[in-house]
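Q: Can you walk me through this one? I'd like the overall picture, then a few residues.
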Amino acid sequence: MAHTVEETDCLIFEKDVEIAMRDGLHLRANVFRPTTPGRYPVILAHGVYGKDVHFRDAFKPQWEVLTGLYPDLDKGASSGRFLRWETADPERWVPDGYVLVSVDARGSGKSPGYLDPFSPTETMDHFELIEWAGTREWSSGKVGLLGVSYFAIKQWQVAALRPPHLAAIVPWEGASDFYREWARHGGILSHGFPAAWLPRQVSVNQNGNGNSPLVDPDTGERTTGPALEEGILAGNIADHMSDLHRHELDDDWHRERSPDLSRIEVPVLSAANWGGPGLHLRGNIEGYLRTGSQRKWLQLHVGTHYESFYLPDFVSRQKRFFDRFLKDIDNGFDHEPAIRFAVRHPDGAVWREAESWPLPQTRWTSYHLDADRLGLMPAGGSGSDASVTFEADGDGVEFLTPAFEEAVEFTGPVALKLQASSTTDDMDIFAVLRLLDPDGDEVRFTGAHEEVPVARGWLRASHRALDPHRSTPYRPFHTHRRIEKLTPDEVYELDVEIWPTSVVCPPGYRLALRLMGHDFEYEKAGRMLHDSSMDRSRTTFGGKTTIHTGPERESFLLLPLIPA
């Protein structure tokens, strides 16, 4: 793993640069610099997926989709040679006067140590890496952070520590609240994705993993460095799933992984995906709203998890942002509207702009659940007191609006107030908002990783306690600090946070609210599943759930209506 230097047609490539950490451990980095000597702003990425793992080798299906959409991505000076999953392409940034630095996180790739994803130790490493990059002879002293998902989550975490050389961040489709967006949706363990993600993307690239199939295309060697003995390897990685199971409440373990966003003061361009309802949506909106920066922008886009990051229009916007705040170029970015968002229609999406979130023209509109007619009725149409019961492990129950007489747009946060009871001492509510065409067929939208409905929300009834200071009528905020079991068959008021959405319902279309006791899935199993038998025992969560409606027990959906 000797440090090597190579010059291509468009950049200088330094491979396996050693960077000393506070405890004497050295992390390994790849550095891409312009061929012309000088001092340049730095864009840094720090993560666990492997600085030497080519996008096309580790994520071939996604690579084929992306290059099908954007064939020129694989036609650079080195045919996309340096492209890595969820990080910027050096061949499309360095020629424009940037240095790119990609670092294997502690315990991953060629960086030795204990691999503990999202940990405070890893975040402190990130702080030191920023300071290292900001003080090199080729650095202007300004460092920006750019990357998707894991690389975005780390941005929120480290920016809250205020590294002196950090000048701007672009967290793209990440998460900023570790408990509510990664670990437990509504208090329900998000088991499916982390359980698949750890072996698929993390442990496979653990430093010293002699069985890893990941190969460095430059050298033909494993990306994980010299093999370690199995016992040492097993002791060098945190048991992340056990940690998630063990920390059921939003305790200190979660809070040290959820940054104080108010401490972030550098310029922020936060990008969320409407089709990432289980992970890559809420955190970017909350991050934008709660960050302390006075110069911040929010983008809400459509498409798959990776295409928006690499397509030319989006890269151009990323560069304009960094040109302004890393190069001090007066290009007008300061004057762009704060919010840029895609409004979803059944046949596509239309871009719009706004200055605040929720949108200032929002009319909060209640649709009351009617258990007699299984309807979602406008205000005043809640009918008489009634109830409907469903098996928690069955298909649930669905409430429909009347057919819309004219096109109606809903863009913003969504909240659901339920009066509900269970035959057991707890229940999980899975709320799914769907769009149905005049024939009753569902409109499915392109999601970050799979087809998605209009919106989703979750709540474990024993986690129903609200934080009165952070809750609003349209965005309930649960404390997740205590467990309050139910008395069977007693009715409880539950406030369910349904993640934000944007959709236009044409004439003749309906919205449908499905309530279930388990995950809603299409033919292909989803990614963010809540299917742990340790967290969801059939004894407790396999009972019957009853939804109560009517004037005395109002259950209603609060939607963000946007006037035409």
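A: One definition to start with: helices (H or I, at least four residues) and strands (E, at least two) are DSSP runs, numbered from the N terminus. The model is a predicted one.

Q: How many helices and strands does the protein have?
A: The protein has 13 helices and 25 strands.

Q: What is the radius of gyration of the protein, and what would a compact globule have?
A: The protein has a radius of gyration of 24 Å, and a compact globule with 564 residues would be near 24 Å, so the two agree. The C-alpha trace spans about 75 × 55 × 40 Å along the principal axes.

Q: And what share of the residues count as buried?
A: 63% of the 564 residues. The accessible surface of the protein is about 20700 Å², and carbon and sulfur atoms hold 48% of that surface.

Q: What about contacts, what part comes from residues 24 or more positions apart?
A: Among contacts in the protein with a separation of 6 or more, 75% are between residues 24 or more positions apart.

Q: Is Asp16 buried or exposed?
A: Asp16 is buried, because its relative accessible area is 3% and the cut-off for buried is under 20%.

Q: Which residues does Asp52 touch?
A: Leaving out residues up to four places away in sequence, Asp52 touches Lys15, Asp16, Asn30, Arg84, Lys110, Val215, Asp216, Pro217 and Thr223. Asp52 belongs to the loop between β4 (40–47) and α1 (55–58), and it is buried with a relative accessible area of 0%.

Q: Where is Phe82?
A: Phe82 is in the loop between α2 (60–69) and β5 (99–104). Phe82 is buried, with a relative accessible area of 2%.

Q: What does Phe82 touch?
A: Its contacts, not counting residues up to four places away in sequence, are Thr8, Leu11, Phe13, Phe32, Pro90 and Glu91. Phe82 and His54 are 28 residues apart along the chain, and their C-alpha atoms are separated by 7.0 Å.

Q: Where is Glu86, and what is its phi?
A: Glu86 is found in the loop between α2 and β5. Phi of Glu86 is near 70 degrees, a positive value in a residue other than glycine. Glu86 is buried, at 4% relative accessible area.

Q: Glu122 is a residue of α3, then. What span should α3 have, and what is the end-to-end distance?
A: Helix α3 covers residues 120–133, and at 1.5 Å a residue its 14 residues should span 20 Å; the end C-alpha atoms are 20 Å apart, which agrees.

Q: Why call α3 largely enclosed?
A: Because eleven of its 14 residues are buried. The buried residues of α3 include Glu122, Asp125, His126, Phe127 and Trp132.

Q: What comes just after α12?
A: Asp328, which takes a positive phi of about 60 degrees.

Q: Last topic: which residues does a cis peptide bond join?
A: Trp357 and Pro358, with omega about -5 degrees. Pro358 is in the loop between β13 (348–354) and β14 (363–370).

Technical notes:
Residues numbered from 1 in each chain as written. Predicted model: local features only at pLDDT ≥ 70, side-chain atom pairs only at ≥ 80, totals over all residues. Heavy atoms only, no water. Rg over C-alpha atoms; globule rule 2.2 N^0.38 Å. Buried < 20%, exposed > 50% of the residue type's maximum accessible area, 1.4 Å probe, protein only. Contact = heavy atoms within 4.5 Å. Areas by Shrake-Rupley, 256 points an atom, 1.4 Å probe, with all protein chains shown as cover. Expected span 1.5 Å × (residues − 1).
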